[in-house]
Amino acid sequence: MPVVAIVGAQWGDEGKGRVVDMLAQQARMVVRFSGGDNAGHSVVNPHGEFKLHLIPSGIFDPGVVCIIGNGVAINPKVLIGEIDRLNERGVDTGQLFISDRAHLIMPYHLLLDGMEEEARGGKALGTTLKGVGPAFTDKAARLGVRAGDLLDKKALKERLGTVLEYKNVILAKVYGVKPLSLDEVYTQYCRYGERLAPHIRETTIMVDEALGRREMVILEGAQGALLDPDFGTYPYTTSSSPLAGGACLGAGLGPTKIDRVLGVYKAYCSRVGSGPMTTELKDETGDLIRERAHEYGTTTGRPRRCGWFDAVAARFSSRINGLTGAAVTRLDILDILPGLKICVGYELDGKTIDYFPASITELARCKPVYEELPGWQAPTTEIRSYEQLPLEARRYVTRLEELISCPVNLICVGPERAQAIEKAPIF
Ligand code: IMO
Ligand code: MG
């Protein structure tokens, strides 16, 4: 059985969680490979309605081993809370494992995320304030504390001592706030360590064993390609790679082991946080989409910016991910619209371009060039086969396929597990 990476192909919130939840029924392992609790994955299944931030969306199936990979920044307090809430609702987490190499979000990361955002003033990135950016900064700066460090209290104290000495200088001298107490942070993280110890493992061995048994493994992404620190709207990006390439690094397997890359796109666009978004609709159509789709952040509750499908950005993310297929989610949201627009090019300084510029100042000057398609104005939420979709809906989907240059495997017409249409098999 193959390995499939499921990645966000826009600005996050595409419905990766619901797609993973659905496909996990066929899988034996789901590995989350990037981000932190800045992610918010909504899942509706026979167990109920859930909002996951760190735990892989395969957790609902007792036959699936779930791994939080080394590429994820873990806030242990948030993770323990998430485990507890799932357990209270009868979801077993005995098969949840955490890479010993995953970096931890520490109390100073949360403080710094807030103070750095404040210092940016009008140029704030609109981060989720979960400390994820500062944790990945420390990973690169070789100042991180990792999940495996929780298993050796003596080494943890030593490590924390070194790191806190440095962090406290920044907190006190740069931001003028009270330094953190080594004893308090140490005691708190020892408690987290005791609680999480049974889950912490060398997880790359587990992944390799699953591959050896030819089991189906899902690599679950967070965020989306346009938030990638290299290819997204830098600096208005996140801090770890949401791309399929990031799946190799963040789960601990080589690129030759990934058989399929499924990009998840919403049938329109949304973005939460700052940064350019060419197809943003600041009008009643944008409001209509937001309200119909309840486009408010799962993690922060912020209203999401909504707009038409941006095929220029979509083609770019398909290319840098090497997509073998796509899932189009929330098609039903468009059910009531009389006409639809797809952005097929950008007008930049009087010229039409068909690529996604690296520079945000250029991107901010880009005006969308739209192609208009008729709407279908009929409900699709009960439809389960592609042939039964209204002709206009099929035309919309096939036009997206052409523009993204990748086949659509799956179409979602509602949040429930069953509200999906297989257009073409993924494998
Ligand atoms: P899921 O996995 C949408 C955005 C934030 C902000 C930027 C940087 O649910 O798709 P960060 O806290 O990462 O430093 O914030 O990235 N962002 C997301 N937007 N969905 C997400 O995750 C996001 N995770 C981060 O809003 O603009
Ligand atoms: Mg989300």
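**β19 and its neighbours**

I started with β19 and β20: the two run antiparallel and are joined by 3 bridges. Looking for a residue pair there, I found Cys412 opposite Ala420 in β20. This is a predicted model, so I read what follows as features of a prediction.

I noted two of the residue pairs: Ala327 has Leu410 as its bridge partner in β19, and Val328 has Ile411.

Is β19 buried or exposed? I went through the strand and found 5 of its 5 residues buried, so β19 is largely enclosed by the rest of the structure.

**Helix α7**

For α7 (residues 203-212) I listed the buried residues: Thr203, Met206, Val207, Ala210 and Leu211. Viewed down the axis of α7, they fall within an arc of 140 degrees, so they line one face of the helix. Just past the end of α7 I ran into Arg214, which has a positive phi of about 60 degrees.

A reminder to myself: most residues other than glycine have a negative phi, and most peptide bonds are trans. With that in mind I collected some exceptions.

Leu129 is not a glycine, yet its phi is positive, at about 65 degrees. I placed Leu129 in the loop between α3 (107-120) and α4 (132-140). Its relative accessible area is 45%, so I put it down as partly exposed.

Gln377 is another non-glycine with a positive phi, about 45 degrees. I found Gln377 in the loop between β18 (367-374) and α12 (391-404).

Where is the cis peptide bond at Pro235? It runs from Tyr234 to Pro235, with omega near 5 degrees. Pro235 sits in the loop between β10 (217-220) and α8 (244-251).

**Two buried loop residues**

I stayed in the loop between β10 and α8 for Thr233. Thr233 is buried, with a relative accessible area of 1%. What does its side chain make a polar contact with? I traced that contact to the side chain of Arg271, at 3.0 Å. Leaving aside residues up to four places away in sequence, Thr233 touches Trp11, Leu226, Arg271, Pro276, Phe356, Ile360 and Leu363.

I looked up Leu337 as well, in the loop between β15 and β16 (339-348). Leu337 is buried too, at 6% relative accessible area. With residues up to four places away in sequence set aside, I listed Thr285, Leu288, Trp308, Gly375, Trp376 and Gln377 as the residues it touches. Gln377 in that list has the positive phi I noted above. I also checked Leu337 against Leu281: they are 56 residues apart in sequence and 14 Å apart in space, C-alpha to C-alpha.

**Ligand 1**

Last, I turned to ligand 1. How many residues surround it? I have 20, and the closest are Asp13, Lys16, His41, Thr128 and Thr238.

I then went after side chains with an N or O atom by a ligand oxygen. For Lys16 I noted a distance of 2.7 Å between a side-chain N or O atom and an oxygen atom of ligand 1. For His41, a polar side-chain atom lies 2.8 Å from an oxygen atom of ligand 1. Asn38 has a side-chain N or O atom 2.9 Å from an oxygen atom of ligand 1.

Technical notes. Residues numbered from 1 in each chain as written. Chains lettered and ligands numbered in written order. Predicted model: local features only at pLDDT ≥ 70, side-chain atom pairs only at ≥ 80, totals over all residues. Heavy atoms only, no water. Pairing = 2+ DSSP bridges. Helix = DSSP H or I, 4+ residues; strand = E, 2+ residues; numbered from the N terminus. Buried < 20%, exposed > 50% of the residue type's maximum accessible area, 1.4 Å probe, protein only. Arc of directions from axis to C-beta. Near = heavy atom within 4 Å. Polar contact = N/O pair within 3.5 Å; in protein donor to acceptor, adjacent residues only side chain to side chain. Contact = heavy atoms within 4.5 Å.
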